[in-house]
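Me: I would like to go through some packing details of a model. Please take my questions one at a time.
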Amino acid sequence: MRGFWAVYRKELYALFASPIFYVVAFIFLVLHGYFFYTSLAYYSMVSFQASQNPFMAQQINLMDMVVRPVLMDLGVVLLLTAPLLTMRTYADERRSGTMELLFTLPVTDKAVLAAKFAAVLTTLALLLAGTLPSMAILETLADPNWKAMLCAYAGLFFMGASFMSLGMFSSALTRNQIVAAVLSFGALLLFWVIGWLSSIMGPTSVRLAEYLSIIRHFDNFSKGVLDTRDVVYYLVFISFFLFVTVRQIESYRWRG
């Protein structure tokens with residue numbers, strides 16, 4: 001992994017120097033604020049009504065009414081914005097001709113890939129960290145289950161990391177950043193909606209479609225349930241797209 005930190009610092013500088021990161025962060029946090037406010041307002045209204053109905057009060061759950069809907073909505077926002085953060089990772093290197101320079105440096109393709117992936121994961125972690133203060137507000141209003149909440153955040157991070165890995169593969173396929181973003185969004189959307197086809201498939205195909213559905217594996221996380229099968233799915237998803245990305249980059253080296 002020689003050269004990892006040098007490429008990691010370069011990638012972080014390129015990401016933070018680009019207006020795209022700030023636009024994505026602004027949109028992400030504004031939408032989070034909107035989703036959080038509307039969910040919290042609905043929870044407050046229902047709680048007020050439940051104060052006069054003990055049976056109804058037993059049905060109210062902060063995790064189900066606020067945290068889970070907000071994080072599910074943030075998953076949709078990540079689906080739309082992750083391609084914007086990954087579209088330049090390799091496409092810009094190829095367009096500007098610095099890919100050939102990377103090939104001449106004493107750094108392996110795997111180290112470059114790991115550094116670029118770590119950089120986009122850092123931006124993902126910063127975006128998610130920006131939403132934590134609003135969740136802390138729940139502590140003043142109720143008694144949130146922090147273990148379940150952290151589990152849901154871990155699931156959102158795994159899903160976001162999966163988006164990033166596929167986005168980097170799309171970026172490695174083309175010199176054009178816009179094309180990379182469109183390819184990435186289209187592929188992610190396919191993995192998102194593939195579970196919706198279960199109503200028109202046979203039993204075997206249904207199980208396969210449900211397993212491939214990227215949002216279905218986030219469902220347990222969002223409920224505060226840590227299932228190793230969901231963790232394995234995301235790790236396999238990430239590993240596969242990082243593997244095909246480095247193979248794609250190596251093919252450019254062979255072809256000169």
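Me: Is F241 buried or exposed?
Reply: In this predicted model, F241 is buried, with a relative accessible area of 9%. Buried means under 20% relative accessible area, exposed over 50%, and partly exposed in between, with a 1.4 Å probe and protein chains only.

Me: Before we continue, what are the ground rules for the model?
Reply: As the model is predicted, local features need pLDDT of at least 70 and side-chain atom pairs count only at pLDDT 80 or more, while totals for chains, interfaces and linings use all residues. Residues are numbered from 1 along each chain as its sequence is written, and side-chain values use heavy atoms, with hydrogens and water left out.

Me: Where do F237 and F241 lie?
Reply: Both are in helix α13 (residues 228-255), four residues apart, about one turn of the helix. Helices here are DSSP runs of H or I with at least four residues, strands are runs of E with at least two, and both are numbered from the N terminus. F237 also counts as buried, at 6% relative accessibility.

Me: How many aromatic pairs are found in the whole structure?
Reply: The search finds 18 aromatic pairs. The rings of F237 and F241 form a tilted pair, because their centres are 4.9 Å apart and their planes are at 50°. Rings of Phe, Tyr and Trp (its six-membered ring) pair if their centres lie within 6.5 Å; planes under 30 degrees apart count as stacked, over 60 as edge-to-face and the rest as tilted.

Me: Which residues do ring pairs link into a cluster?
Reply: The cluster joins F158, F169, F191, Y211, F221, Y233, Y234, F237, F240 and F241.

Me: Changing topic: at what angle do the axes of α2 and α8 cross?
Reply: The axes of α2 (residues 19-50) and α8 (residues 132-141) cross at roughly 20° and come within 11 Å. Axes are lines fitted to C-alpha atoms, for helices over the stretch in contact, and angles run from 0 to 180 degrees between N-to-C directions. The two helices are therefore roughly parallel to each other, a term for angles under 35 degrees.

Me: Which residues meet there?
Reply: H32, F36 and L40 in α2 meet S134, M135, L138 and L141 in α8.

Me: Lastly, what does S171 touch?
Reply: Leaving aside neighbours within four places in sequence, S171 is in contact (heavy atoms within 4.5 Å) with T86, M87, R88, T89, Y90, A91 and A180. S171 is found in helix α9 (residues 146-172) and is buried, with a relative accessible area of 0%.

Technical notes. Parallel < 35°, antiparallel > 145°, perpendicular 65-115°, else oblique.
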